[in-house]
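Student: I would like to learn how to read a model feature by feature. Could you take me through one?

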Amino acid sequence: MQILHAPFASTPAFYSAAASLPKGRPVHVSGKSLAELITATSFSSQRQLRSAWFSYGDSVCSSVSPIAASSQAVSEVASQTAETDVLKALSQIIDPDFGTDIVSCGFVKDLNVDKALGEVSFRLELTTPACPVKDMFEQKANEVVAALPWVERVNVTMSAQPARPVYAGQLPAGLQRISNVVAVSSCKGGVGKSTVAVNLAYTLAGMGARVGIFDADVYGPSLPTMVSPENRLLEMNPEKRTIIPTEYMGVKLVSFGFAGQGRAIMRGPMVSGVINQLLTTTEWGELDYLVIDMPPGTGDIQLTLCQVVPLTAAVIVTTPQKLAFIDVAKGVRMFSKLKVPCVAVVENMCHFDADGKRYYPFGRGSGSQVVKEFGIPHLFELPIRPTLSASGDSGVPEVVSDPQGEVANAFQELGVCVVQQCAKIRQQVSTAVTYDKSMKAIRVKVPESDEEFYLHPATVRRNDRSADSVDEWTGEQKLKYADIADDIEPEDIRAMGNYAVSITWPDGFSQIAPYDQLQMMERLVDVPQLLHQ
């Protein structure tokens with residue numbers, strides 16, 4: 001067995017790298033795999049070759065014969081090479097939303113390869129079960145892997161990430177398992193906002209998502225009229241003191257109209273309290289999307305909603321009239337100040353077709369004006385349809401009663417847009433501020449901005465503007481420059497809504513750093529070129 005300890009002088013770098021790496025992982029030395037190195041290396045004897053394979057396979061199996069150890073190592077390397085081939089093939093599939101391949105996105109899970117039998121199985125875990133390109137992903141994954149010459153059978157399983165918010169902070173228990181919260185708003189009554197909210201929710205559900213609707217209009221709740229659940233009263237869980245939502249066709253529903261009180265007659269502060277209670281104490285469970293039907297206006301109720309729940313995105317509803325545009329513009333500005341991205345504009349009651357022509361009875365331009373003035377990327381036009389109005393009164397949403405109709409097709413396009421934009425926002429928010437440990441620099445790329453820059457961790461910590469660092473009465477800086485070590489490093493960075501991050505430091509301090517504040521800090525200018533690669 002002396003061969004196990006014989007020096008491997010011809011390739012010392014290869015031997016030390018291979019022996020130090022853990023089993024079960026692809027081995028790369030100077031950018032080359034183990035198989036490539038062995039192929040490229042000239043061995044003076046079969047004895048050295050067996051020694052190399054055995055050293056890689058297991059450095060402590062002294063009781064195993066060199067031939068057996070060599071076979072085991074060769075099998076492991078072959079398996080790892082096969083896995084590499086599969087991942088390389090899958091990296092040809094590009095996610096259209098993120099603009100990168102599905103391997104880099106981390107979608108490929110539970111990869112199992114048996115090259116001897118030619119069998120490959122893996123799971124594609126997407127960001128949402130309502131992914132509009134999931135069928136394309138599954139088809140392409142089967143095709144590119146099956147194209148490998150040694151593959152006989154491919155088993156692809158599709159799944160989605162567990163529902164969870166991307167934001168940090170102490171969310172109420174009922175909101176902790178909701179991935180995306182989408183506000184549908186118009187800031188003006190009578191434009192069809194509730195119709196859009198309900199049909200959007202059922203469209204998302206039809207795409208495979210777990211969905212809930214929250215009717216936030218206490219003064220005039222619309223949800224009890226627009227849907228027909230068997231149980232029309234909200235129930236209470238006496239032990240947890242929580243609200244159990246009612247359901248209709250798989251979508252969870254909460255409205256003040258289901259509370260047995262009808263419409264509310266109360267002052268603003270009381271309404272805000274009711275909305276807060278209904279929203280935060282409901283047992284929503286796991287939801288991919290919670291659609292909030294916002295009440296008209298930009299007052300206390302709207303601000304309460306935006307502060308209580310971290311809104312992922314907003315959909316703006318308007319009509320062709322100029323008067324609708326004026327009110328909608330106020331709502332868009334409100335969302336802009338609250339750092340909630342508006343992802344789409346729905347122009348309702350746009351047109352109707354008759355005698356082979358398309359007519360615009362209320363004029364044109366309100367929706368496109370919103371898009372142009374505020375830079376909202378997507379505009380959707382809904383036709384005037386008697387069935388759409390009738391469905392709102394019958395208790396069955398139009399997309400359910402006529403899933404192949406023109407209205408349903410328009411909402412399908414809106415649903416795809418919402419899914420894609422929410423996925424992009426979550427990706428941008430989760431990677432907006434990160435720490436590069438090797439460079440000891442905080443990388444910042446603010447959502448909805450192409451600007452990218454780097455900050456020194458000590459600079460970020462010293463610029464904290466909370467009451468712990470700055471006297472609230474005098475404005476005097478309590479945190480001194482020397483109080484923070486130059487080599488301080490953050491322990492954790494998490495997103496807080498669409499406007500800030502929470503940074504945890506080694507001393508236990510949790511710093512809230514808004515993006516606006518980070519953009520004003522002194523930046524690192526002497527950043528190595530490696531950071532931009």
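Predicted model: local features only at pLDDT ≥ 70, side-chain atom pairs only at ≥ 80, totals over all residues.

Tutor: Start with Met 270, which counts as exposed at 52% relative accessibility. Buried means under 20% relative accessible area, exposed over 50%, and partly exposed in between, with a 1.4 Å probe and protein chains only. Met 270 is found in helix α8 (residues 268-280). Helices (H or I, at least four residues) and strands (E, at least two) are DSSP runs, numbered from the N terminus.

Student: How many helices and strands are in the protein chain?

Tutor: The protein chain has 16 helices and 25 strands. Of its 533 residues, 48% are buried. Contact means heavy atoms within 4.5 Å. Take the contacts between residues at least 6 apart in sequence: 67% join residues at least 24 apart.

Student: Which residues have the most contacts inside the largest nonpolar core?

Tutor: First the term. A nonpolar core is a set of buried Ala, Val, Leu, Ile, Met, Phe, Trp, Tyr and Cys residues joined through side-chain atoms within 4.5 Å. The largest one here has 107 residues, and Phe 214, Ile 292, Phe 335, Leu 414 and Leu 518 have the most contacts inside it. Helix α14 (residues 406-430) gives the largest share of this core, 11 residues. Another core lies apart from it, with 25 residues, among them Ala 82, Phe 107, Val 120 and Ala 141.

Student: What does Leu 518 touch?

Tutor: Leave out residues up to four places away in sequence. Leu 518 then touches Val 433, Val 444, Phe 453, Leu 455, Val 460, Val 501 and Ala 513.

Student: How do I read two packed helices?

Tutor: Two packed helices are described by the angle between their axes and the distance between the axes. Axes are lines fitted to C-alpha atoms, for helices over the stretch in contact, and angles run from 0 to 180 degrees between N-to-C directions. Here the axes of α6 and α14 come within 9 Å and cross at roughly 75 degrees. The two helices are therefore roughly perpendicular to each other. The cut-offs: under 35 degrees is roughly parallel, over 145 roughly antiparallel, 65 to 115 roughly perpendicular, and the rest oblique.

Student: Which residues of α6 and α14 make the contact?

Tutor: From α6 come Thr 195, Val 196, Asn 199, Leu 200, Thr 203 and Leu 204. From α14 come Phe 411, Gln 412, Leu 414, Gly 415, Val 418 and Val 419.

Student: How many aromatic pairs are there?

Tutor: Rings of Phe, Tyr and Trp (its six-membered ring) pair if their centres lie within 6.5 Å; planes under 30 degrees apart count as stacked, over 60 as edge-to-face and the rest as tilted. The count by this rule is three aromatic pairs. One of them joins Phe 107 and Phe 137: the ring centres are 6.5 Å apart and the planes lie at 55 degrees, so the pair is tilted. Phe 107 lies in the loop between β4 (100-101) and β5 (108-114) and Phe 137 in helix α5 (residues 134-146), so the pair ties together parts 30 residues apart in sequence. Phe 107 counts as buried at 3% relative accessibility, and Phe 137 counts as buried at 1%. For Tyr 202 and Tyr 248, the ring centres are 6.1 Å apart and the planes at 70 degrees, so that pair is edge-to-face. Tyr 202 lies in helix α6 (residues 193-206) and Tyr 248 in strand β12 (residues 246-248), so this pair ties together parts 46 residues apart in sequence. Both Tyr 202 and Tyr 248 are buried.

Student: What lies over the face of Phe 453?

Tutor: A charge sits over a ring if NZ of Lys or CZ of Arg is within 6 Å of the ring centre and within 35 degrees of the ring normal. Arg 523 lies over the face of Phe 453, 3.8 Å from the ring centre. Likewise, the charged end of Arg 462 sits over the ring of Tyr 481, 3.7 Å from its centre.

How values were computed: Residues numbered from 1 in each chain as written. Heavy atoms only, no water.
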